[in-house]
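Q: I'm new to reading protein structures. Could you walk me through a few features, one at a time?

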Amino acid sequence: MKKIILPMLFFVSLISCKKESAKTEDSNVTADSASVSENSNAPAALKMMTPQETSAFLGKNNDTLYVTNFFATWCGPCVKEIPHFKNKIQELNGKPVKITFISLDNKEDWNTKVPQFVDEQGIRSNTVLLDGQALGGDFFAGNFKQWDGSAIPFTYMRKGDKTDETLGMMTEDVLNSKIKSFLK
């Protein structure tokens, strides 16, 4: 019963986020994190990750700061905070910081809406796809202290054994402060 309720709660929370669209004029592509290399002629296909691969990625324990933002293209608060993360990608280029966006959009949007959105936002090389429908309670309990998958955006930061979880949209000041605390 629990295996049915948690995924349903996750799905309901994803569809409850208000759909808004936001476009930025900055279409610079920055290579970083769990990315695929870009071809100058055609955009690279977005990488798909399984829940197991995502757990392994989230569990990386070294001197690099991993900032992972779970989002969906239709989530207004998610869209509003993307420019803050893009600014940090550019600012911290060459430093041991990897910023990754994990799209929880429906699989039927993986070849249409998601690629168009990440290209408009200029975050293709930093974005991976994860089937939110495949995530169960074990995924959340095994990876996070607070997040149960009930809402997005959600940002997870890890450097070594230190972690931080933020549920909801972050302002640029909050993002800067959190990253700065990891880089001391």
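This is a predicted model: local features need pLDDT of at least 70, side-chain atom pairs count only at pLDDT 80 or more; totals for chains, interfaces and linings use all residues.

Q: What holds strands of a sheet together, in general?

A: Strands pair through backbone hydrogen bonds, and they can be parallel or antiparallel. Here, Arg158 has Thr163 in β6 as its bridge partner. The hairpin of β5 and β6 has two residues between the strands, and Gly160 takes a positive phi near 65 degrees there.

Q: Which strand does β5 meet through five bridges?

A: That's β2 (residues 65-71), which runs antiparallel to β5. Look for Phe70, which stands opposite Phe154 in β5.

Q: What is the strand order in the open sheet?

A: The six strands go β1-β4-β3-β2-β5-β6, with mixed pairing.

Q: Which helix lies across β2, β3 and β5?

A: Helix α3 (residues 76-91) does, and it runs at about 155 degrees to β3 (97-103).

Q: What is a disulfide?

A: It's a covalent bond between the sulfur atoms of two cysteines. A search of the whole structure finds one, joining Cys75 to Cys78 with an S to S distance of 2.5 Å. The torsion about its S-S bond is about 75 degrees, so this disulfide is right-handed.

Q: Are Cys75 and Cys78 buried or exposed?

A: Cys75 is buried, at 0% relative accessible area, and Cys78 counts as buried at 0% too.

Key. Residues are numbered from 1 along each chain as its sequence is written. Side-chain values use heavy atoms; hydrogens and water are left out. A disulfide is a pair of cysteine sulfur atoms within 2.5 Å. Buried means under 20% relative accessible area, exposed over 50%, partly exposed in between (1.4 Å probe, protein chains only). Two strands pair if DSSP finds at least two bridges between them. Helices (H or I, at least four residues) and strands (E, at least two) are DSSP runs, numbered from the N terminus. Contact means heavy atoms within 4.5 Å. Axes are lines fitted to C-alpha atoms, for helices over the stretch in contact, and angles run from 0 to 180 degrees between N-to-C directions.
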